[in-house]
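I opened this structure for the first time and kept notes on what I looked up. The entries follow in the order I made them.

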Amino acid sequence: MLVKYQPMYWTIGVIALQTINSQFQRQVFKWGAIISLGEGQLMEIARKCRIDIVEMVHKAGAGHPGGSLSAIDFIVGLYGTEFRFDAKNPNWEDRDRFIMSKGHASPAVYSMLHQLGIITKSDIDSFRTLGSTCQGHVDMKWTEGVDFSAGSLGMGLSFGLGCAIAARMDSSERNIWVMIGDGETQEGQIWEAAMATDFHNIGNLNVVIDRNRIQNDDFMEVQMEIGDIGAKFQSFGWKVIEIDGHNMQEITNAIGQASSDQNEPYAIVAHTIKGKGVSFMENNPSFHGKAPSDEELVIALEELS
Amino acid sequence: MSAPSTGGASRDGYGSALLKLASDPRVVVLEADLGKSTKSCLFRAEHPERTVSMGIAEQNMMLVSAGMASSGKIPFASTFAIFTERAFEQVRNGIARPGLVVHICGSHGGIHTGTDGSSAQSIEDLGIYRTIPNMTVLHPCDDLSAEELTIQLLNHDKPSYTRTARNKVPRVYTEDNVSEIKIGKGNVIKEGNDVAIIACGVMVNEAKIAAQKLSEKGINACIVDMHTIKPLDGDLIHKLARQCGCIVTVEDHSVIGGLGGGVAEYLSRNIPTPLEMVGVNDRFGESGDTSDLMSHLNIDYNAIVSASHAAIKRK
C-alpha cells in the first residue's frame, strides 16, 4: 500500500522509512520516532495513564476520574496507532486533531500528553491550581497538544466539523477525531453537527462516544436515556462501529477502519465502564466528579500496579 | 466624487465588504438560512466553494466557525442579530474564550427589523457581547461605514460582533471620507459645544436631524458616530465631557448595557458628567412601521431633542 503524506514528511524533516504494519496504517511521527504500538504496549501505557489520572485528581482534591478512566483506553489506542502528530512539534499545522468535547475528562488527556512527553509531571501535579498548564477542563489556550477549549458540553463535534471542512478546503487529508460523552448526546447541538456533517459529505471527521451510561447526577437511565446512539448516528448518515471500549484490539481495529476511509464519517460507540480499572469507582455515579480520599488513593494505586 | 444622499442599508455594506475580502483565500463565509437577508448571499454567488450553509442551526455555526478559525481560516458568520443571541454561550465559550478570530455579523438588529415584531427585535445584543472578554463590538451607521469596518476586520486580531440594520438610511459618510474611520475610534461628524450626542447605528442619522432642530433653538450640538461599542473610545468621551459638559447617548437598543451603559460606566469612573440616555426603555418592542415604532418607543429625533434639553439643564 502506498504511504500517504510522504511529501509532507519530507517537508517537516522526518525521514519516513518504516514499513507500515497494517493494511490501514498511516505513517505517524511521535514519541520521537515513527511507530505504531502493539496491544500489550498500549495497555501498559493506559495503565500508566490511569495512575496519572487518579493521582492528579487526588492531589487536586477535585476533578472527574470516572469519565477519564472510561475514556483512556480509546485515547491511548488512537495516539498509539493512527493519529498523526509530532510530539516535538505539537502545533504542526497538518497534524490530525483530537477534540476532547467532554472536557471535564481532562485528566485522561493530560495523562496521555504526559506519557507523550508534551507536558511534564509537574504540569499534571499542578492540575486545577492557579496558573497551571492543566486547567480544570481542557483548554487549547493553556496546554500544548490540546486542540479545543472544552468544558461546555455539546460543542466539540461542531468544532471538529469546522476543522474537517477547513482541512478539505486546504486539500489536506488530516483526520479529525472528536470524543463525546453519551450523556453529552442530550445536547441538541450534537445533532445539529451530525446533520451538517452528512449534508456536507464530510469524510475526514470521526466521533467516538464514550458510552459509560452515567452522567453527572446519576445513571442515564434515570436522567435521560438516549437509547440506541449508534442507530441515531446511522440515521444521520454516519457509519457506525460498536466496540468494547476497553478491548484494545477492537479499539485499534475501529480506529484503523475509520482513519483509512475518508469518504464517510464514522461514529464509534465505545461501550465502557465508568471508573474502569479502580474497583470502587467502577460503575459508580459518585465518582463522576469526586476525588479519591487518601485511603482510596492507596487502594486505587494497588489495583493499578 | 459626491455621495448620493441615500445609500444602502448597513447590511448591504457587509455584503459588499465580503466580496472585497474574497481576494484573501483565508476568508470563508458561514450562513444560517438567512444569507439573502444578511447579504452574505453576494459572497455565496461568487464563491460557493468558500461558503458554508449551516441551515437553521446557529449554535453549530458558531463552533464550526471556531474550528475553521483554529485551522487557519478567517470565518465571517452571519444571521439575524436576535439569533446570534441563541448561540451566546457558544460565542462566549467556543470563540471568545480561546480567542479564536471569528467575525460574527448580526443583521436586522434593534427595532429596525420590519414588522415582524418583538421576537425579531434584538435590543440586547450590543450589551451581551460587550460583556465578553476579547470581543470587539461594532455597530456601523450606514452602508459605507459597514463596508469599511468589515474590511478592517480582515486584519483584526480579536473575535468580533458587528450589528447591521435592515433598513436603508441616508448616508452619513461619503466614499471619499469613509476610510477615515477606524475600529476603536469614535468619529466626530459635527462639532459643537453645548451638548455631545453620542450615537450608533441608524440613530446617527436621527441625531443629525435632532442637531438641526437644536440649532434652530440656538443649541450647538456635537454629533459623534460611536461605531465601536467595544473597545469604547474613552479618550473621545473624556474630551467631549470637558468640551460640552453634558452628554446624550442614542441607540436602537436597550438603555441597559449598550452604548449608553458603556458611556455611563466610563463617565462615572473617570469624569462624572450629566448624561441622558435615549434607547429602548427596558421593554420589548412590537409590530409596527419603523417610524411609528421609533416614536412610540421614544427613540426618534424628538426624543433626542428632549434629552439634549434635559442634559443641558443638568450642567
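**Ground rules.** I am working with a predicted model, in which local features need pLDDT of at least 70 and side-chain atom pairs count only at pLDDT 80 or more, while totals for chains, interfaces and linings use all residues. Residues are numbered from 1 along each chain as its sequence is written, and chains are lettered from A and ligands numbered from 1 in the order in which they are written.

**Contact of the chains.** I count two residues as in contact if their C-beta atoms, placed from the backbone, lie within 7 Å. Helices (H or I, at least four residues) and strands (E, at least two) are DSSP runs, numbered from the N terminus.

**Helix pair in chain A.** I checked helix 6 (residues 156-169) and helix 7 (residues 188-199) of chain A, which pack at an angle of about 25 degrees with their axes 8 Å apart. The axes are lines fitted to C-alpha atoms, for helices over the stretch in contact, and angles run from 0 to 180 degrees between N-to-C directions. That makes the two helices of chain A roughly parallel, a term for angles under 35 degrees. Among the residues making the contact are Leu157(A) and Leu161(A) of helix 6 and Ile190(A) and Ala193(A) of helix 7.

**Sheet in chain B.** I traced an open, mixed sheet of 7 strands in the order 2-1-3-4-6-5-10. Two strands pair if DSSP finds at least two bridges between them. Strand 2 (51-53) and strand 10 (228-230) of chain B are the edges. Strands 3 and 4 of chain B run parallel, joined by 5 bridges.

**One residue.** Is His253(B) buried or exposed? I found His253(B) buried, with 31 other C-beta atoms within 10 Å, where 20 or more count as buried. His253(B) sits in strand 11 (residues 247-254) of chain B.

Key. Angles under 35 degrees count as roughly parallel, over 145 as roughly antiparallel, 65 to 115 as roughly perpendicular and the rest as oblique. A residue is buried if 20 or more other C-beta atoms lie within 10 Å of its own, exposed if 12 or fewer, and partly exposed in between; C-beta atoms are placed from the backbone.
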